Amino acid sequence: MSSAIDPRIEEKPLPPGQNGLPLIGEALQVFGDRNFTIARHRKYGNVFRTRIFKTPTVFVRGLEECLFVLRNEGHYFQNSLPENTRKLFGEHSLANSTGTALAHRRKILSRSFRPRALDSYRKYIEETASRYLRLWAERRDIVMYDELSSFSLDLAWKLFAGIDNASQSEVGKLLKTWFAGLFSFGPIFPGGRAAKAFQARQKLFDFIRQEIDRRRLEDDFGVDILSILIQSRDENGCELSDRAIVDILLNILGAGFGTMTSALTSFFLLVGQHSNVEQKLRAEQDELARAQLPRADTIDRMVYLEATFNEVLRLYPPIAAGFVRVIKECEIAGYQIPEGWIVIWSIDATHLGIENDPNAFQPERFLSSPPTDFIPFGGGMRECLGREYARLEMRVLCSKALAHYEWELPRQDFTMTTLPVPKPKNGLKVRFRQRGEKQ
Ligand code: HEM
């Protein structure tokens, strides 16, 4: 515990809010009521206090407030993941690394997301997108979340670890199982989601370790992330251990496929529900096709598609919030935030806190004066490394889908579930066909 509290902070009031019931605080509302945070922010502003079981917890929204938290990790805050999540990521993962180790690991990985590396991924992403789109049109009735999960999984395993057609193999299923249990809270029950995720993690560990051994034995190093990790050294100049390589690779594979599956599914959902947006997106594609530019040039000119993707991420951010623990008392927006408390910096509440019709799907807002309260990729020392890769994958798949295919959403329950990522309850049933083809 720190010895003395800064008197300038001590004189500030605690954030407004309520403690709830004696033993559980407001845990039931926090976990059970999707509108809880939004309603409390409406009542109290950008910072409010509650209690989850015994832990005093502060919810924070707003660009400035969230960036304060994100930029002060190691100073006022420490990343604080739930226990199962921490173990499932592994101790060497980025999620569990801090300080110089985190900075060093991010530096190693950043090589795989530079413009030249992204250019080298483009051809494979184009081919894979074309293959999946053809397949969906042949099948006609598909569950979009499952299909996009296979699509993103194939890309991630191939581009980051050199494994072909992962979605059709055991490793693909294992990664999905691991990801599905990543955010399970509380005790682990045999046969439950968390238990399955731990088993999947062990099998993934064995599989990736064999692949590391094979590459070392055959002296076969490519340019993918796995090879970069095998040949890298840690911040002390030592080779990375197999365990560290597996933890970091799993972190990237999970980030690369989980967030993308959610973001792309939300794109097909929201565009499918808004024909005015769909028409504008198709008109942009048709105009670019008439200009007959090389594909690499057209892809950077899809201004309305880019605005639509931003609006999708605003309404359904794949990562909704982050948790940190306060390690030194500080002040946020004029309130005292005591040491030992938990702070939840909220992306979705930040996005829905804007003034102008926050719940409406309006890509145009990103063309005129984009909302500043927009942080889908986080910020500070953990800002998303895969941001440009995400934009590339989205642009390639969605532009092809809009130019050559159409989709309808049959009657269904569109309720969204939130963990581990936002997803329509039944995975989003879609009727898919070639553009212009009869129903
Ligand atoms: C639309 C898609 C995506 C969204 C919305 C997204 C969002 C985020 C957010 C909010 C963070 C910060 C997390 C934190 O502060 O704790 C983050 C970190 C990160 N993301 Fe993404 N991400 C996306 C796609 C990807 C992809 C495709 C990859 C990899 C191929 C990736 C790799 C990473 C990595 C490596 C980190 C850093 C983790 C750390 O330093 O702890 N992301 N992402």
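These are legends for a handful of close-ups of a predicted model.

**View 1. Helix α13, end to end.** This helix runs over residues 275-291, so 17 residues by the DSSP-based numbering. From first C-alpha to last, α13 reaches 24 Å, close to the 24 Å expected at 1.5 Å a residue. Just past the end of α13 sits Q292, and its phi is positive, at about 50°.

View 2. Which residues of α13 are buried? The list is V277, E278, L281, R282, E284, Q285 and L288. They all end up on the same side of α13 because they cover an arc of only 155° around the axis. Turn to the face pointing away from that buried side and you find Q279, E287 and R290, which are exposed.

**View 3. What α13 packs against.** The buried residues of α13 have several packing partners. Four are helices: α12 (242-273), α14 (295-298), α15 (303-315) and α17 (387-404). The list also has a strand, β9 (405-408).

**View 4. F267 and the largest nonpolar core.** This core has 100 residues, and the members touching the most others are W157, F160, W178, F267, F268, W407 and F432. Helix α12 supplies the largest share of the core, with 17 residues. Zoom in on F267: leaving out residues up to four places away in sequence, F267 touches G272, L281, L305, T308, V312, C398, L402 and W407. Among these, L281 is also one of the buried residues of α13. Elsewhere there's a second, separate core of 19 residues, including L67, C330, V343 and I375.

**View 5**

**View 6. Strand β5 and its neighbours.** In a regular strand, side chains alternate between the two faces of the sheet. Strand β3 (residues 77-79) runs antiparallel to β5, joined by three bridges. β5 also pairs with strand β8 (residues 342-346), again in the antiparallel sense, over five bridges. R325 is a handy landmark here: Q78 stands opposite R325, and in β8 the bridge partner of R325 is I342.

Technical notes:
Residues are numbered from 1 along each chain as its sequence is written. This is a predicted model: local features need pLDDT of at least 70, side-chain atom pairs count only at pLDDT 80 or more; totals for chains, interfaces and linings use all residues. Side-chain values use heavy atoms; hydrogens and water are left out. Helices (H or I, at least four residues) and strands (E, at least two) are DSSP runs, numbered from the N terminus. The expected span of a helix is 1.5 Å times one less than its number of residues. Buried means under 20% relative accessible area, exposed over 50%, partly exposed in between (1.4 Å probe, protein chains only). The arc is that of the directions from the helix axis to the C-beta atoms. Contact means heavy atoms within 4.5 Å. Two strands pair if DSSP finds at least two bridges between them. A nonpolar core is a set of buried Ala, Val, Leu, Ile, Met, Phe, Trp, Tyr and Cys residues joined through side-chain atoms within 4.5 Å.
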